[in-house]
Amino acid sequence: MNEELAGLAASGATALVAAMGTDLWDEAKGLMSGVIAHARRSHRRELSVALDRASTATRGAVDATVLDYWTEALSQLLEQNPALAQDVLALAALRNPERAGIAVQVNSATHSGEVFAVQHGSQHFASGPKSHHSEERP
């Protein structure tokens, strides 16, 4: 699995687990149900049961085991069907009104690529000759 999809799976799982027991749970559960609908039949039932069980979570109780479970589940689903990335991105973008300042950002660069990213601000970028690699000649 590429790094971008792995990061997206982790972000989606984090948003799902963070929504458990909060006012966002119904929306998060609906988004995750849509993702689960694309799973293989045998795996779909297991995930649906786990999602229903998660709806009884206590507000603010984030269990690392539960987070690992959903990260792995989303990783597998994205690996099987990368087209689900948009649905998982919608899940990852959920915002809790109690923590409105938290945003999820996934950036990835491969094959000598570069990523310049910023949240809540502005970014200035200038490019010029790379003087640190050149030698001065008289």
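**View A. Thr-14 in helix 1.** Thr-14 lies in helix 1, which spans residues 3–19. The model shown here and in the other views is predicted. With a relative accessibility of 42%, Thr-14 counts as partly exposed, because that class covers values between 20% and 50%.

**View B. Crossing of helix 2 and helix 4.** Helix 2 (residues 25–36) and helix 4 (residues 64–80) have axes that come within 11 Å. The two axes cross at roughly 45°, and helix 2 and helix 4 are therefore oblique to each other.

**View C. Side of helix 2 that meets helix 4.** From helix 2, the residues in the contact are Met-32, Val-35 and Ile-36. They meet Trp-70, Leu-74 and Leu-77 of helix 4. By residue class, this contact has six nonpolar residues, no polar ones and no charged ones.

**View D. Salt bridge between Asp-52 and Lys-29.** The side chains of Asp-52 and Lys-29 form a salt bridge, with an N to O distance of 3.1 Å. The pair links distant parts of the chain, 23 residues apart: Asp-52 belongs to helix 3 (residues 41–54) and Lys-29 to helix 2. The count of salt bridges in the model comes to one. Side chains of opposite charge can pair when their charged atoms come close.

View E. Asp-52 has a relative accessibility of 43% and so counts as partly exposed. Lys-29, with a relative accessible area of 21%, is partly exposed, since buried would require a value under 20%.

Terms used
Residues are numbered from 1 along each chain as its sequence is written. This is a predicted model: local features need pLDDT of at least 70, side-chain atom pairs count only at pLDDT 80 or more; totals for chains, interfaces and linings use all residues. Side-chain values use heavy atoms; hydrogens and water are left out. Axes are lines fitted to C-alpha atoms, for helices over the stretch in contact, and angles run from 0 to 180 degrees between N-to-C directions. Helices (H or I, at least four residues) and strands (E, at least two) are DSSP runs, numbered from the N terminus. Angles under 35 degrees count as roughly parallel, over 145 as roughly antiparallel, 65 to 115 as roughly perpendicular and the rest as oblique. Contact means heavy atoms within 4.5 Å. Ala, Val, Leu, Ile, Met, Phe, Trp, Tyr, Cys and Pro count as nonpolar, Asp, Glu, Lys and Arg as charged, and the others, Gly among them, as polar. Buried means under 20% relative accessible area, exposed over 50%, partly exposed in between (1.4 Å probe, protein chains only). A salt bridge is a side-chain nitrogen of Lys or Arg within 4 Å of a carboxyl oxygen of Asp or Glu.
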